[in-house]
Amino acid sequence: SHHSPLHLRGARIWKLIPKENDTRTQWRVDYDDGIIPWDNCYAGLNAFEEHFRVRVSLDMIEKQCIDSPYPLERAVHQQRIQFFEKVPFLEVIDEAFHAVCRWHPKGTLIDNVKWAKLCRQMRFLSNMKNSKHEIDMAFVRHSDARKLDLVRFHSILDDIASMQHPELTKENALIKTVWSSIVTLTDVNAMMWKEAKAMALRHESVRVCAETRIAAFVRKEIQESKSKEMKSAALIIQKQMRQVFARRFVASLLKKMKEDEMFQLRIKCATSLQTSWRRFFWRNRFLNHKKRKIECERQNNTKKREHLRQKRRLSLASLLYRDVIRIDTTIATVSIHLYEDVQTTMLLKVYVPSTRETFSFRLNENEVRECLERALCSEGRLSWDEMLKRDALNELTKRLMIRNVRGRPIFLFSRRNIVERGLLIKTAVLQSCGEIFLLSMFRSPYDIVFCTYQPSTRLQLRTKISIPKLSSWLNQSYAENRTTWSSSENADASFIPEQALRLLKQENQPNLIEWLVKRVVIRENPKHGKFELLFQYEAEEERVIKLVTKIQSQWRRIKSRRAAKSQTYTHWEKIYVREERMFAYRNTITDERQWEKPKLLGEDDLPEPVDEWRTEQIVDPTTGQVHVYHVNYGTGQSSWLTEKEAAVLVQRRYRSKHESDLIGKKKLDLVDVVNALKFIQGARDKYDKDPNKLANIVNYALLCHCIDLDFEKARPIYKEAMKVSPNHPLIARAYGIYLLASCQLPRATSFQTACRLFNEADLADPTQSKFHSATEIYFRWSVLADSKNPLALLNFALVHQCIYKKYEHSERLYRAALAADPTNEYVTENYRLFTEERYPGGSYVSLGPPFSVYRRSTIVEERPEWAEWVKMKDPMCPKKGFEIYFFNRFTKTTRFNEPDWKLVWDARVERSSCVSGKTTHWQEYYDPRTKTTFFYDGYSKRYTCVRPEMRKS
């Protein structure tokens with residue numbers, strides 16, 4: 001059971017040894033036996049201890065420091081047994097005197113009876129013969145009237161201790177006597193345990209307060225970093241808001257300045273708005289028109305297809321006759337169709353298979369009737385049934401004739417003895433295109449027919465115009481020319497506007513013929529080179545159609561250019577070529593590149609490339625493998641690495657640079673690593689084989705200290721090495737670094753001991769040559785093996801701090817160790833001691849405070865003539881009187897004293913350039929570092945930052 005008295009929890013484990021070998025003192029035996037009680041004297045009391053401005057309850061400290069049954073090296077908190085022997089022995093003697101005085105009868109002095117009783121209890125001089133006689137004689141020698149006061153009690157104890165331990169010095173003999181006998185007195189023992197408990201509580205409270213203060217300091221650093229971030233964010237927000245307010249203020253000023261231009265601005269805005277509206281309106285109208293046009297074209301195509309289908313049906317329905325004929329050696333297919341629209345006509349089609357040509361001849365009713373009546377020798381008028389018979393229609397095919405023109409058969413329909421419908425009203429001779437034509441005009445109640453004949457080529461041309469069309473043409477001509485009849489000298493004398501509508505009457509036929517003959521056009525068709533007969537209004541309509549077609553083609557050309565230009569903006573981009581320091585043009589589709597701007601852009605140009613990284617692909621022409629790379633066309637840079645890979649590479653380089661700054665620029669290769677590992681393992685093996693050899697002891701101590709980082713294991717080995725050779729510089733320096741790194745208690749004594757060892761080592765080895773190998777093999781190798789270990793960094797920092805006096809390098813190593821583990825007590829304590837000792841009067845005095853104080857400092861004063869130097873104040877300076885210091889903004893150096901201003905001015909003149917002053921004694925210089933100007937007087941040899949004219953005024 002957990003509550004059983006046999007349970008091992010809280011039980012003490014004893015080491016059994018023979019009683020004669022037990023060398024413990026009586027007070028230690030009582031403590032180990034649990035006889036010494038533990039009183040919670042602060043329980044329920046409001047008692048506090050304050051250290052480092054931190055208050056801690058003594059009740060809590062008392063509960064933590066209660067006696068532990070475990071070995072002292074495993075105790076977490078301070079134990080009173082650790083401080084029992086640290087109680088001053090003089091206070092023990094005083095307490096023994098007062099305790100004896102309190103024996104019955106009480107008094108202020110010790111008489112012979114109390115002295116005898118004390119000697120019997122303490123067994124003074126028990127190792128001597130006649131001990132009682134010697135004790136009495138000592139009392140007689142030192143007493144005054146058989147009484148002992150406090151001073152005489154001290155002297156008699158000194159005498160007794162010298163007699164009891166003659167081999168020891170007087171002080172050591174007294175100490176041994178006190179700790180072996182006096183402390184066993186009940187009152188003295190109680191006083192000593194009470195004082196030891198108070199000392200333990202005091203030390204524990206100091207530790208707890210220090211831990212609390214360090215934690216508060218760490219939290220403060222974290223909160224300060226967060227507050228700085230918030231402050232920087234607030235400053236950025238303030239900056240942006242100031243910019244916004246400034247823009248608003250400038251806008252209001254511009255508004256006031258341009259009030260007189262507001263009317264013109266409104267006109268421009270209205271004009272721009274109207275232009276945009278008109279553009280929007282006409283664009284919508286054009287889109288609607290285009291939509292309606294597309295719909296109309298769709299309907300027209302539908303109607304056209306329907307018309308073609310209807311025409312085909314009509315063609316099939318109107319077929320009257322079909323036959324194959326042979327004229328000479330030419331075979332042809334003849335078909336005759338009957339059409340009844342305004343007037344009844346027949347269409348005779350001849351298809352020649354050899355040439356794939358079709359010849360069509362349209363015959364009206366009168367022509368068909370006259371031809372058939374003559375062919376059939378009819379005595380009267382033929383009916384339609386008689387004319388539509390196959391034998392009758394066969395007579396029409398007999399009028400077909402064939403002409404061979406350049407080996408090509410041409411079919412003609414003979415109209416001999418067939419005249420045009422209507423009366424012949426005019427015959428004339430016309431000349432056009434260098435050819436002579438015979439013109440014949442026939443008028444009927446429905447239309448007027450024009451026929452021409454060319455004698456040279458026997459070409460016949462025919463056209464006609466209906467009476468309604470002629471009337472419309474006359475009205476249109478009158479409307480176009482009504483404003484020019486009275487003033488135009490070239491006006492047609494035969495055509496009077498009032499007579500335009502009467503030309504169609506029979507009595508005005510000559511004028512009509514004259515007007516029509518002037519408006520008949522015979523021309524050569526530019527498409528096929530044949531002559532054609534048409535009227536003037538038809539030629540004008542063709543001309544208008546050509547103009548419209550040309551305008552449309554120009555519009556489509558402009559539109560296509562715009563589309564090509566916009567496509568050029570899409571497919572081309574502007575890139576910067578870093579090697580040539582000029583811009584080029586790249587096709588985003590084909591990756592084609594050229595120096596010249598694309599011609600389709602005209603006077604415009606592509607926008608400047610954007611400063612951004614893009615991923616591109618390239619194909620190896622030899623292997624066909626696709627490679628991915630990254631390019632920035634804004635800067636002309638390219639890389640095979642992605643942004644993440646580049647960031648990793650930069651981080652690796654930065655870490656390498658950071659480690660080289662901390663450890664050194666020397667790089668280790670595989671051979672150095674193998675040799676170091678062999679040396680370390682050899683040190684272990686050699687110490688195991690011969691632990692008494694000094695070299696083996698020193699190497700193993702350094703190994704435990706630097707490589708294994710086991711301070712407890714290294715402590716006895718260092719002490720053994722110091723006993724063997726206390727004056728060796730290597731051992732002295734290594735042990736001094738160990739004392740500082742392990743924070744041995746008491747720390748003030750350890751620090752003084754380490755400084756003494758360093759000074760003695762500097763006298764024996766001023767060049768540190770004997771310690772260089774240890775630095776490289778152990779201290780530097782420990783950092784190389786684990787650069788994130790705070791203890792390894794601490795050891796290396798102490799080497800540069802105490803051995804090589806490189807305080808700036810030590811501070812960088814300290815900051816790296818704190819960054820790795822900000823709560824490590826060894827690092828924080830050594831860094832605190834290092835920063836305190838860097839001020840004047842300390843062991844590591846430098847020209848100024850460490851750079852780390854700059855972040856918590858504020859600027860007190862800055863002047864133009866100080867250039868990059870400013871006076872700053874450290875509000876958390878650990879030493880009063882050194883809060884003010886000078887700081888260089890560019891070199892990051894600090895100084896407690898003012899810099900040498902003459903050297904500062906000389907450095908400024910050396911790095912500055914002379915701007916003006918070659919003709920006067922004042923010379924003006926420009927400082928590129930501070931970006932300011934200053935002046936030098938060649939007569940008085942002095943410098944100033946104020947212009948001489950301003951100084952005179």
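Gln 744 is found in the loop between α21 (729-742) and α22 (747-764), in a predicted model where local features need pLDDT of at least 70, side-chain atom pairs count only at pLDDT 80 or more, and totals for chains, interfaces and linings use all residues. Residues are numbered from 1 along each chain as its sequence is written, and side-chain values use heavy atoms, with hydrogens and water left out. Helices (H or I, at least four residues) and strands (E, at least two) are DSSP runs numbered from the N terminus. Buried means under 20% relative accessible area, exposed means over 50%, and partly exposed is in between (1.4 Å probe, protein chains only).

- Gln 744 counts as buried, at 16% relative accessibility.
- The side chain of Gln 744 makes a polar contact with that of Ser 742, at 2.9 Å; such a contact is a pair of N or O atoms within 3.5 Å, where within protein one must be able to donate a hydrogen and the other to accept it, and residues adjacent in sequence count only if both atoms are side-chain atoms.
- Pro 746 also has its place in the loop between α21 and α22, and the peptide bond from Leu 745 to Pro 746 is cis, with omega near -10°.

**Other backbone features**

- Most residues other than glycine have a negative phi, and most peptide bonds are trans.
- A cis peptide bond runs from His 104 to Pro 105, with omega near -5°; Pro 105 is found in the loop between α4 (89-101) and α5 (112-122).
- Arg 356, in the loop between β5 (344-352) and β6 (357-364), has a positive phi near 60° and is exposed at 71% relative accessibility.
- Lys 892 has a positive phi of about 60°; this residue is found in the loop between β23 (884-888) and β24 (894-895) and is partly exposed, at 42%.

**Salt bridges**

- The count comes to 43 salt bridges, each being a side-chain nitrogen of Lys or Arg within 4 Å of a carboxyl oxygen of Asp or Glu.
- Arg 733 and Asp 765 meet in a salt bridge (3.1 Å, N to O). Arg 733 lies in helix α21 and Asp 765 in the loop between α22 and α23 (769-785), so the pair ties together parts that are 32 residues apart in sequence. Both Arg 733 and Asp 765 are buried.
- Glu 868 forms a salt bridge with Arg 929, with the closest N and O atoms 3.7 Å apart. Glu 868 is in the loop between β21 (858-861) and β22 (869-873), and Arg 929 is in the loop between β26 (922-927) and β27 (932-937), 61 residues apart. Glu 868 is buried at 5% relative accessible area, while Arg 929 is partly exposed at 35%.
- A network of salt bridges links Glu 573, Arg 586, Asp 591, Arg 593, Arg 614 and Glu 616.

**Surface patches**

- Patches are made of residues with over 30% relative accessible area and no salt bridge, joining like charges within 9 Å and nonpolar side chains (Val, Leu, Ile, Met, Phe, Trp, Tyr) within 5 Å.
- Phe 249, Val 250, Leu 253, Leu 254 and Met 257 form a nonpolar surface patch with about 490 Å² of accessible area together, as given by the Shrake-Rupley method with a 1.4 Å probe, where for residues only the protein chains shown count as cover.
- Phe 249 lies in helix α9 (residues 186-257) and is exposed, with a relative accessible area of 53%.
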